[in-house]
Amino acid sequence: MSCAPTTMTSRAPTLGSMAWVFWTACVASGFWASSVRAQPTAASSPEPAPRTEGESSAQAAPSHDTRPTSALEVSAFVGPSVVFGAPANPDYSPSVERVGALVAGAVTYRSSYFIDPVLEVGYAWLARGTSELPSGPWGEGGTVEQRLGTWIISPGVSAEFWRLRARLGLGLGIVTQSDTFRGQTFSTSQLPVMSQLVIACKALDLAPVQIDVEGRAVLASGADISFIGLGVSARFDALDLGGS
Amino acid sequence: MLIAIAMAASCESAPDASIPTFGDGGLLRQGVALSRDTLYALEGFFETQQGRDLLGDSASVRTSPGTVSVLTDENAGFAVLGAACLPGDRLVVEGYWQYPTQVEAGLVRLFAEPPEAASALCNGNVSEPPPGLVLAGHYGDGQDFPTKPLRLVWSRALQPWRGRFFTVAHHGACEATDHCGVSQNSIETVRLAERTGSNGVEVDVRLTRDGFPILFHDPMLSSSLVRGLFCNGMIEDLTLAQLRANCSLRYGETIPTVEELLDAIVEETELEGVYLDMKVADAVLPTSRIVSTLLDELEVRNQNDDPADDRRLGIVVAVPKEEVLDAWRETRQILTNEGRRVPSCLIEYDPDLVLSEGCVAWGPTWTEGPQAANVEKVRAGGAVTVFWTINQSDFIDEFLTRAQPEGIISSRSSLLFHRYQKIGVPPPPRAGTPGEPTPGDGTPAVGAP
């Protein structure tokens, strides 16, 4: 990936604002969950005691400790994405829509250990754009409509602490590039190594489903692509493997 | 914070390239540029009297249109300079120096001495270096005004290289990781290649989806070579229009077609040879058609009444593997059937095939050693040998002395050129190869391989 200086400078405010939104959502959801539990209703289940004394500060956390120690957890994520990078040729009046969408599904083997293995598969509609191509060896000029997306196939590990869940993934991307020019559409793809860092914040416990606010940064080494995503994920235990 | 760090760490920006320039345009702006014919008189092997920290104990000075190049084996350094006559018959030679593998670069300003030599050069009435020619002045670091003394004393004429020995630039002037400010396989790097000591270029040819032979090394648009948000995928899947709309090379250049490259070489340089490395078999026929057409045009141009516009250029279609050889044989047949000129070929992997296929050159890899016997065999068969790709001084020396080939591909053209001038043995002249250029005959007439 090559990052022109303009790209790097444009990243800073985007990353900052995304991080701010994420953190605000995380903290706000914690207070909200706390206030909900502070006024139990007949329908609500009794609040279980924290797992350890050390977790007493996390009393606002959802009652995840009622779940079995070992389980196969299935999760789904959806949210907007913002892709970085600049069009190659400013001379061709490029326009870019950087905001796309990311959907992903993951399976996590949640064990009694601190680190849990996870496999995620997702797709991101990353960007659309146009460039005005002049006449050239290819014939007459015209508008090139560009679309960029990527599959994510990402094994990794995740770990939980406090209200947060962090995940590191290292896998493959299938970057799909498609262009339409003078009525013809051509597509191509490439397979870069894709790494991602995901940080999720527990927001709601709607047993048996848990809702998280999730932010992620994804890097495709070998392709000129990096993007971030911020959205909501839902997860539940699909298979109880014992323990509680 | 972690996200930001990860993002920043992922950025593979193009290597820093800060080519210094004189802020006010330098003295060249105030003078009259030396003619091409007069520039030849500045060429030679120079001893370094001052400035050995920069250039080592000697340097080769060669010229190309509008440029005086100082080439050394000290960190493969070079200086790309212009020459102009100032009022009072003062001849200034100035520009920048650079070590391509390092960030270091700086300004150079030299004056021709003694005054009689400068006067003779400025008046254009010289056919060889004036007696006692010295280039003396200063060099500096970065954008700093040059203050460190530099003094080059003409020692002897360069040993024959035009039409004799090919210093072939690998993908162009510099490696992708260098700091030359140009991308490999671009027209810009080919221009720079000549200024840094090459008289030939090796470029990589692939084919777009719509049949245009272009210059690109990898099968995929890897981010080490290109940039652009929408610049992804396989070359063979993309049309030329897509590549132009979506991609630029690392320093912002366009991915050129073979036709654009050859046009630039013919019209803007004095390069003598082009080594078209066929990365894919499908590119052989369309590339050969382009070369065939160009050679026809050059033949017409060279046969007209104006010798000043003569331009001879050796172009070889390089065959690196069996699959491409099959395509080459097919291409040769097709062009013959069409009554068209068949370009020259080079085979990389088998010296016997070079002769049996009627090719003009063998391009062995350096990893199999100098292979002096095979070099001689190929030479006896009327072909030449161009090794690829040697960048280190000791290996260059070994191949220059043991194999004595007609050329070497290197990413360190300045180093190779100067080592050849220091210890190389000029290969025998080839049939139809004119000698060194003389003032008045325009661009140097050189023979094809």
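The second largest cavity in this predicted model has a volume of about 70 Å³. A search of the whole structure turns up six cavities of 30 Å³ or more.

What lines the second largest cavity? There are 15 lining residues. Nearest the centre lie A:Ser75, A:Arg167, A:Glu214, A:Ser233 and A:Arg235. Now the secondary structure. Five strands of chain A each give two or more residues to this lining. They are strand 1 (71-83), strand 3 (99-110), strand 6 (164-181), strand 9 (209-221) and strand 10 (225-240). By class, the lining has seven charged residues, five nonpolar and three polar.

Keep strands 1 and 6 in view. A salt bridge joins the side chains of A:Arg165 and A:Glu73, at 2.7 Å from N to O. A:Arg165 sits in strand 6 of chain A, and A:Glu73 in strand 1 of chain A. That pair links distant parts of the chain, 92 residues apart. Over all chains, the salt bridge count comes to 38.

How many salt bridges cross the interface of chain A and chain B? Zero, by the rule used here. Polar contacts are there, though. Twelve residue pairs are in polar contact across the interface, both partners at pLDDT 80 or more.

Which elements of chain A supply at least two residues each to the side that touches chain B? Helix 1 (5-38) is one of them. The strands are strand 4 (115-133), strand 5 (142-161), strand 6, strand 7 (184-190), strand 9 and strand 10.

In contacts, 47 residues of chain A meet 38 residues of chain B. The area buried between the two chains is about 3400 Å². Carbon and sulfur atoms give 65% of that area.

Start in chain A. The peptide bond between A:Ala207 and A:Pro208 is cis, with omega about 10°. A:Pro208 lies in the loop between strand 8 (193-206) and strand 9 of chain A.

Now chain B. Here the bond from B:Trp388 to B:Thr389 is cis, and omega is near -25°. Where is B:Thr389? In the loop between strand 19 (384-387) and helix 12 (393-402) of chain B.

Then B:Ala76. Its phi is near 55°, a positive value in a residue other than glycine. B:Ala76 is in a loop too, between strand 4 (67-71) and strand 5 (78-86) of chain B.

Definitions and conventions. Residues are numbered from 1 along each chain as its sequence is written. Chains are lettered from A and ligands numbered from 1 in the order in which they are written. Side-chain values use heavy atoms; hydrogens and water are left out. On a 1 Å grid over the protein atoms alone, a cavity is a set of points where a 1.4 Å probe fits but cannot get out, and a pocket is an open set with protein on both sides within 12 Å along at least five of seven lines; lining residues have an atom within 4 Å of a point. Grid points are joined across faces, edges and corners, and a volume is the space filled by probe spheres set on the points. Helices (H or I, at least four residues) and strands (E, at least two) are DSSP runs, numbered from the N terminus. Ala, Val, Leu, Ile, Met, Phe, Trp, Tyr, Cys and Pro count as nonpolar, Asp, Glu, Lys and Arg as charged, and the others, Gly among them, as polar. Contact means heavy atoms within 4.5 Å. Buried area is the accessible area (1.4 Å probe) that two parts lose on being put together, summed over both. A salt bridge is a side-chain nitrogen of Lys or Arg within 4 Å of a carboxyl oxygen of Asp or Glu. A polar contact is a pair of N or O atoms within 3.5 Å; within protein, one must be able to donate a hydrogen and the other to accept it, and residues adjacent in sequence count only if both atoms are side-chain atoms.
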